Amino acid sequence: MKKKVNSEDIVQTALSLFSEKGYEATSVDEIARKSGMVKASFYKYFKSKEELMLSTIALVQEDMERELEKLYLNSELSPREKLIQFYVICLERVYQNKMHLLFFSVTLVKSTDKEISQARDKLEITISNRCMDLMIKLYGGEWSDYYYDIIFVIKSMIVGYVRMADPEFFASESQMLAKFFMSITDILVQGMNNPDSHHEIMWKPSMQDNAEPVKPWNRWLEVTSIIQSMHSTIDTLDLHEPVKDDYYSILEKLQAEMSGAVTETAHVKALLFFLGQVTELQDLCEKLRITLKP
């Protein structure tokens with residue numbers, strides 16, 4: 001007898017598709033089909049794709065909170081061991097849920113995506129604040145203003161590894177990698193404590209009160225999301241492969257041109273003009289122009 005589809009099945013299917021293809025490039029039709037139902041049945045569970053995305057992020061949040069709560073209550077672990085296991089949890093959950101792709105798959109410039117953006121930020125804040133608490137217990141609170149910068153570096157390393165990870169070896173490597181990240185954390189904390197060095201704080205401590213984090217790279221995140229949406233859109237175009245390759249090449253040049261500074265140069269304008277001649281890319285090109293304006 002065929003198993004009846006429930007809302008959690010749909011969320012898991014959506015998480016996989018959003019991570020693989022990006023949020024905008026994934027249709028409700030595709031989610032329903034992969035879940036084993038018709039499109040009309042999808043709306044019995046969720047009013048829209050946006051509501052489903054919120055449920056997807058909530059599922060990841062609940063999973064992380066459950067694991068981190070167990071870690072906090074484990075009195076047998078030292079502060080150092082807890083931070084190492086925190087890194088293990090992050091590595092495994094980011095890998096299993098493809099969170100690094102999920103976070104970059106939502107275009108932030110849409111007003112309708114505000115709730116999704118807030119939910120995603122809430123998850124990031126939860127992870128960062130939990131790590132902050134563990135670092136204070138291990139290293140003390142004297143240099144806590146710098147800890148969010150260190151957390152950003154470690155999170156970037158986790159995401160960087162997961163993007164290249166071999167699924168067959170990941171489980172055995174997670175403990176080893178967590179200890180490596182622990183060593184890097186030690187080095188970074190020692191560097192921040194060096195009286196001969198002065199470090200500008202990139203992440204502001206406002207995150208401690210669950211306020212919206214101050215991110216100097218917010219525009220870069222928006223640009224990255226739009227570029228990903230452009231790539232996904234080109235994937236769907238009904239064009240000969242050599243022509244598609246030309247568009248991919250132009251998109252790569254656009255990305256390379258903006259790698260040094262998130263701004264609209266004459267070269268960027270020319271590349272956007274070329275891509276904007278494709279009807280399916282016009283709205284995304286306009287979003288990118290708006291985002292690049294100082």
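Entry 1. I began with D186, which forms a salt bridge with R80, the closest N and O atoms being 3.0 Å apart. D186 sits in helix α9 (residues 170-192) and R80 in helix α5 (residues 79-97), so this pair ties together parts that are 106 residues apart in sequence. I noted that the model I am reading is predicted. Next I looked up how accessible each partner is. D186 is buried, at a relative accessible area of 17%. R80 is partly exposed, at 34%.

**Entry 2. The whole protein.** I stepped back to see the overall build. The protein has 13 helices and zero strands. Read along the sequence, the pattern is therefore α-α-α-α-α-α-α-α-α-α-α-α-α. I then looked up burial. Of the 294 residues in the protein, 45% are buried. I also checked how far apart in sequence the contacting residues lie. Among contacts with a separation of 6 or more, 69% are between residues 24 or more positions apart.

Entry 3. How many salt bridges does a search of the whole structure find? It finds seven. I went on to the pair D63 and R66, whose side chains meet in a salt bridge at 3.4 Å, N to O. Both residues lie in helix α4, three residues apart, which is about one turn of the helix. Is D63 buried or exposed? D63 counts as buried, at 16% relative accessibility; the cut-off for buried is under 20%. R66 is partly exposed, with a relative accessible area of 49%.

I then turned to helix α13 (residues 282-292). There R289 forms a salt bridge with E286, and the closest N and O atoms are 3.5 Å apart. R289 and E286 are three residues apart in α13, so about one helical turn separates them. Both partners are partly exposed: R289 has a relative accessible area of 23%, and E286 has 38% relative accessibility.

**Entry 4. Helix α4 against helix α7.** Two packed helices are described by the angle between their axes and the distance between the axes. I looked up both values for this pair. Helix α4 (residues 49-72) and helix α7 (residues 114-139) pack at an angle of about 10°, with their axes 9 Å apart. That makes α4 roughly parallel to α7, because angles under 35 degrees count as roughly parallel.

Which residues make the contact? From α4 they are E50, M53, L54, I57, V60, Q61, M64, E65, L68, E69, L71 and Y72. From α7 they are E115, I116, A119, R120, K122, L123, T126, I127, R130, D133 and L134. I sorted them by class: the contact has 13 nonpolar, two polar and eight charged residues.

**Entry 5. Two single residues.** I picked E67, found in helix α4. E67 counts as buried, at 19% relative accessibility. Which residues does E67 touch, leaving aside neighbours within four places in sequence? E67 is in contact with I89 and R93.

Next came C131, in helix α7. C131 counts as buried, at 3% relative accessibility. Leaving aside its neighbours within four places in sequence, C131 is in contact with L83, F86, Y87 and I151. I also checked the spacing to Y147, which is 16 residues away along the chain. The C-alpha atoms of C131 and Y147 are separated by 8.9 Å.

**Entry 6. The faces of helix α12.** Last, I looked at helix α12 (residues 266-275). Which of its residues are buried? They are V268, L271, L272 and L275. Seen down the axis of α12, these buried residues fall within an arc of 100°, so they line one face of the helix. A266 and F273 are exposed on the other side of α12.

Definitions and conventions: Residues are numbered from 1 along each chain as its sequence is written. This is a predicted model: local features need pLDDT of at least 70, side-chain atom pairs count only at pLDDT 80 or more; totals for chains, interfaces and linings use all residues. Side-chain values use heavy atoms; hydrogens and water are left out. Axes are lines fitted to C-alpha atoms, for helices over the stretch in contact, and angles run from 0 to 180 degrees between N-to-C directions. Helices (H or I, at least four residues) and strands (E, at least two) are DSSP runs, numbered from the N terminus. Angles under 35 degrees count as roughly parallel, over 145 as roughly antiparallel, 65 to 115 as roughly perpendicular and the rest as oblique. Contact means heavy atoms within 4.5 Å. Ala, Val, Leu, Ile, Met, Phe, Trp, Tyr, Cys and Pro count as nonpolar, Asp, Glu, Lys and Arg as charged, and the others, Gly among them, as polar. Buried means under 20% relative accessible area, exposed over 50%, partly exposed in between (1.4 Å probe, protein chains only). The arc is that of the directions from the helix axis to the C-beta atoms. A salt bridge is a side-chain nitrogen of Lys or Arg within 4 Å of a carboxyl oxygen of Asp or Glu.
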